[in-house]
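Please read the numbered points alongside the sequence and the coordinates.

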Amino acid sequence: ALPVAALIVERRCWWFCAKVHVLASVAAVAVMVWLACRASGFTFSGPFRLGLLLSDDGKQLMTGVNEVGAQLAFSAILAFVLYLRAQRRPAERFSLAWGLILSVACVLTASRGAFVAWLAGTGLLLVWGTRSLPTSKVRDLVVLGTLGLLAGLFVATSTGKIVGGTLYERMA
């Protein structure tokens with residue numbers, strides 16, 4: 001932690017370190033999905049929780065779902081901050097796709113605390129973080145959110161499975 005802190009403070013590499021953190025989190029999600037697919041034989045017939053990895057004998061829990069969810073919630077909010085910053089500065093570029101991937105992964109962990117933290121952080125950023133953005137950029141965010149909601153509804157109606165259904169069951 002000390003070398004990274006020194007890099008951030010001395011070299012003012014805060015945004016670079018934040019980008020690396022977000023991209024490493026996306027890579028970690030890809031590895032977790034791959035491990036989950038390998039463990040289940042590429043079928044998710046039952047309830048699915050991302051980040052719930054068991055040992056080969058199935059007796060020992062290898063990861064904590066709540067800790068994974070909290071990390072993904074933090075990374076998703078950080079990705080949204082990076083996206084909003086890039087919208088204010090045309091020279092910088094950062095894709096909102098990374099934040100969307102991390103947000104869906106956070107919901108798939110079915111961690112209630114992580115979901116509430118993600119919802120609060122994203123909500124605050126939507127209310128206060130978009131105030132200085134041009135109307136066209138805010139309109140793009142609304143359109144993207146609506147398309148994401150429609151895609152989730154399409155998946156739910158065509159497959160009969162709700163994205164984040166395990167989280168919904170745990171919240172009820």
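A residue is called buried when its relative accessible area is under 20%, exposed when that area is over 50%, and partly exposed in between. The model discussed here is a predicted one.

1. Overall make-up. The chain contains 7 helices and 0 strands, and its order along the sequence reads α-α-α-α-α-α-α. The C-alpha trace spans about 50 × 45 × 25 Å along its principal axes. Of the 172 residues in the chain, 33% are buried. Among contacts with a separation of 6 or more, 66% join residues 24 or more positions apart.

2. Helix α5 and its buried face. Helix α5 covers residues 112-129. Its buried residues are Ala-114, Phe-115, Trp-118, Gly-121, Thr-122, Leu-125 and Gly-129. Viewed down the helix axis, these buried residues fall within an arc of 140°, and they therefore line one face of α5. The cover over them includes α3, α4 (97-108) and α7 (165-171).

3. Length of α5. The 18 residues of this helix should span 26 Å at 1.5 Å a residue. The C-alpha atoms at its ends are 24 Å apart, which agrees with that expectation.

4. The contact of α4 with α5. The axes of these two helices come within 8 Å and cross at roughly 145°. On the α4 side the contact is made by Ser-103, Cys-106 and Val-107, and on the α5 side by Ala-114, Phe-115 and Trp-118. Sorted by class, the contact has 5 nonpolar residues, 1 polar residue and no charged residues.

5. The loop between α4 and α5. Ala-110 is located in this loop. Although Ala-110 is not a glycine, it has a positive phi of about 60°. Ala-110 counts as buried because its relative accessibility is 0%.

6. Leu-167 and its neighbours. Leu-167 belongs to helix α7, and with a relative accessibility of 5% it counts as buried. Leaving aside residues up to four places away in sequence, Leu-167 touches Val-107, Ala-110, Ser-111, Arg-112 and Phe-115. Leu-167 and Cys-106 are 61 residues apart along the chain, and their C-alpha atoms are separated by 10.0 Å.

7. Thr-122. Which residues does Thr-122 touch, not counting those up to four places away in sequence? They are Ile-77 and Phe-80. Thr-122 itself lies in helix α5, and it counts as buried because its relative accessibility is 17%, with the cut-off for buried at under 20%.

8. Helix α3. This helix comprises residues 65-88 and is mostly covered, with 17 of its 24 residues buried. At 1.5 Å a residue, α3 should span 34 Å; its end C-alpha atoms are 35 Å apart, which agrees.

9. Aromatic pairs. The structure holds 3 aromatic pairs. One of them joins Trp-14 and Trp-15 in an edge-to-face arrangement, with 6.1 Å from centre to centre and 70° between the planes. In the pair formed by Phe-80 and Tyr-83, the ring centres are 6.4 Å apart and the planes stand at 10°, so this pair is stacked. The reasoning rests on the rule that planes under 30 degrees apart count as stacked and those over 60 as edge-to-face.

10. Surroundings of the two pairs. Are the members of each pair buried or partly exposed? Trp-14 is partly exposed, with a relative accessible area of 43%, and Trp-15 is also partly exposed, at 26%. Phe-80 and Tyr-83, by contrast, are both buried. Phe-80 and Tyr-83 lie in helix α3, 3 residues apart, which is about one turn of the helix.

11. Ala-36. This residue is placed in helix α2 (residues 14-40) and is buried, with a relative accessible area of 12%. Ala-36 and Ser-95 are 59 residues apart along the chain, and 26 Å separates their C-alpha atoms.

Definitions and conventions: Residues numbered from 1 in each chain as written. Predicted model: local features only at pLDDT ≥ 70, side-chain atom pairs only at ≥ 80, totals over all residues. Heavy atoms only, no water. Phe/Tyr/Trp six-rings, centres within 6.5 Å; stacked < 30°, edge-to-face > 60°. Buried < 20%, exposed > 50% of the residue type's maximum accessible area, 1.4 Å probe, protein only. Helix = DSSP H or I, 4+ residues; strand = E, 2+ residues; numbered from the N terminus. Expected span 1.5 Å × (residues − 1). Arc of directions from axis to C-beta. Contact = heavy atoms within 4.5 Å. Axes fitted to C-alpha atoms, helices over the stretch in contact; angles between N-to-C directions. Nonpolar A, V, L, I, M, F, W, Y, C, P; charged D, E, K, R; others polar.
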